[in-house]
Amino acid sequence: MLSCSVSLSGESSDDRPAYIDQFRAIRKDTDDNVKPVRERAMKAIATASSEAGRDSVMDQIRVETEDILSASAAKVLDLVKSHAADAEAVEPLVWIVECRSPTHAGAAAELLTTHHSGHPRTIELAKALASSVSPWVEPMLRAQLAAPDLPLDQKWRLMFSLARCLQSRADVSVRLSVASDEDVARFERLNGQDCLADLRNADVGKLEEEAVGLFKAIEEEFPSQELRPGLTVAEVAKSSVFQIRNLGVGKTAPDISGEDIDGGSFKLSDYRGKAVVLSFWASWCGPCMELVPHECELAETYKDKPFAIVGVNADPDKAALENVLSQHQISWRSFWCGEDGPLGGIARAWNVNAWPTTYLIDHRGVIRGRDVKGAALDAMVKQMVAEAEIAAQ
């Protein structure tokens with residue numbers, strides 16, 4: 001009597017191509033190999049004594065993980081590329097892209113764009129990675145938007161994703177132009193030489209212009225569609241245009257006027273003449289709170305210098321926040337976003353959708369960096385403080 005094996009999804013092995021079973025076996029082996037590396041990383045991060053130590057651990061783990069994923073992605077790509085037009089090929093091709101191997105993700109993405117541009121999993125993949133700078137994302141989104149039978153509920157989502165993609169590419173291109181050699185080398189290691197060259201040669205003005213056009217079209221055509229409850233895509237599109245025009249590296253930071261936790265009024269421009277770390281944070285945000293010890297160190301190191309940390313806090317409960325300030329010895333002032341928390345006016349105006357977000361602003365009020373971390377943050381703060389001191393003489 002013949003038997004037929006059945007997968008956990010209910011799909012029998014007799015009903016699917018052999019290369020899918022081979023792919024799934026490779027995927028399982030990959031997961032088994034990556035798991036202990038990540039477990040070791042979590043232990044090392046937990047015991048690291050500094051942010052620099054954690055960053056060093058993460059860099060090493062990325063290298064080890066990428067070696068494993070890259071080798072597996074190569075095997076799967078060889079396995080599936082002759083079957084790329086099959087509907088079943090979407091699963092392994094998406095997996096290759098999600099491995100984020102600079103060498104193989106682009107090839108898999110090209111096959112998805114050619115054969116499966118309108119497949120729901122391909123669309124979700126492009127939307128999920130819209131803010132990445134991988135060269136394949138933009139052409140995939142454009143192909144999906146050009147589909148004649150694209151549903152209306154997908155059109156605004158893909159328009160928004162393409163606008164974010166263009167904005168991200170412009171932003172990273174500018175950041176790379178002022179990055180240290182060490183940061184550029186790290187970017188190349190994570191994203192590949194082709195990606196680095198592509199961004200260094202990017203026409204930033206053209207990217208930003210098209211992004212603004214898309215965001216404005218979204219505002220006009222889809223004013224009430226929600227990205228999540230309480231937040232429309234039109235609101236984010238509007239603040240994204242503001243971000244492109246006003247919050248880039250090299251631009252003068254717009255003023256912020258508001259109240260601190262105690263109800264006292266103040267402005268960001270009150271700190272003109274000082275190097276400023278503007279930190280969008282909240283106590284409910286774990287990564288935000290991980291930055292606090294180092295921020296306290298910076299505040300102590302430069303307490304007698306032209307330097308300040310200024311917060312923008314998104315805790316909706318003031319009473320609970322006062323306990324956090326005391327417990328963590330947070331001495332600097334923070335604008336309060338109000339009871340709407342992360343949907344408050346200041347955060348929305350500055351288009352802050354990821355917490356924490358930090359800006360480095362020099363004594364002239366010029367934005368010098370965003371989300372700079374570790375040794376690069378320390379170096380930039382030191383330089384900005386020195387410049388502020390010279391300017392004050």
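Modeller: A definition first: two strands count as paired when DSSP finds at least two bridges between them. Keep in mind that this is a predicted model.

Biologist: How far can I trust the model, say by mean pLDDT?

Modeller: Watch residues 1-10, where pLDDT stays under 50 and the model has eight contacts beyond four places in sequence. Across the protein, 95% of the residues reach 70 or more, and the mean pLDDT is 91.

Biologist: Which residue of β9 is the bridge partner of Leu360?

Modeller: Strand β8, residues 357-361, pairs with β9 in the antiparallel sense over three bridges. Leu360 has its bridge partner in β9, and that partner is Gly369.

Biologist: Is β5 mostly covered or mostly open, and how many of its residues are buried?

Modeller: In a regular strand, side chains alternate between the two faces of the sheet. On β5, one side carries Ala275, Val277, Ser279 and Trp281, the other Val276, Leu278 and Phe280, and all of these are buried. That makes the strand mostly covered, with a buried count of seven of seven.

Biologist: What is the handedness of the β-α-β crossover from β5 to β6?

Modeller: β5 and β6 pair in the parallel sense over seven bridges, and Phe280 has Val312 of β6 as its bridge partner. The chain gets from β5 to β6 by way of α12, in a crossover that is right-handed.

Biologist: Why do the buried residues of α13 line one face, and within what arc do they fall?

Modeller: The buried ones in α13 (residues 318-327) include Leu321, Val324 and Leu325. An α-helix has 3.6 residues a turn, so residues three or four places apart point the same way. The face turned away from the buried side carries the exposed residues Ala319, Asn323, Ser326 and Gln327. Seen down the axis, the buried residues line one face of α13 because they fall within an arc of 100°.

Biologist: Which elements do those buried residues of α13 pack against?

Modeller: Leu321, Val324 and Leu325 are the side chains to look at here. The buried residues of α13 pack against strands as well as a helix: β5, α12, β6 and β7.

Biologist: Is Asn351 buried or exposed?

Modeller: Asn351 is found in the loop between α14 and β8, and has a positive phi of about 55° although it is not a glycine. The cut-off for buried is under 20% relative accessible area. Asn351 has 8%, so it counts as buried.

Biologist: And what is the relative accessible area of Asp371?

Modeller: Asp371 is found in the loop between β9 and α15 (374-392), and its phi is also positive, near 55°. Asp371 is partly exposed, and its relative accessible area is 29%.

Biologist: Last one: what distance separates the C-alpha atoms of Leu199 and Ser134?

Modeller: Leu199 lies in helix α9, residues 193-200, and is buried with a relative accessible area of 0%. Among the residues it touches are Val133, Arg169 and Phe187. Leu199 and Ser134 are 65 residues apart along the chain, yet their C-alpha atoms are separated by 9.6 Å.

Note on methods:
Residues numbered from 1 in each chain as written. Predicted model: local features only at pLDDT ≥ 70, side-chain atom pairs only at ≥ 80, totals over all residues. Heavy atoms only, no water. Helix = DSSP H or I, 4+ residues; strand = E, 2+ residues; numbered from the N terminus. Buried < 20%, exposed > 50% of the residue type's maximum accessible area, 1.4 Å probe, protein only. Contact = heavy atoms within 4.5 Å. pLDDT = per-residue confidence, 0-100. Right-handed = clockwise from strand over helix to strand, strands pointing away. Arc of directions from axis to C-beta.
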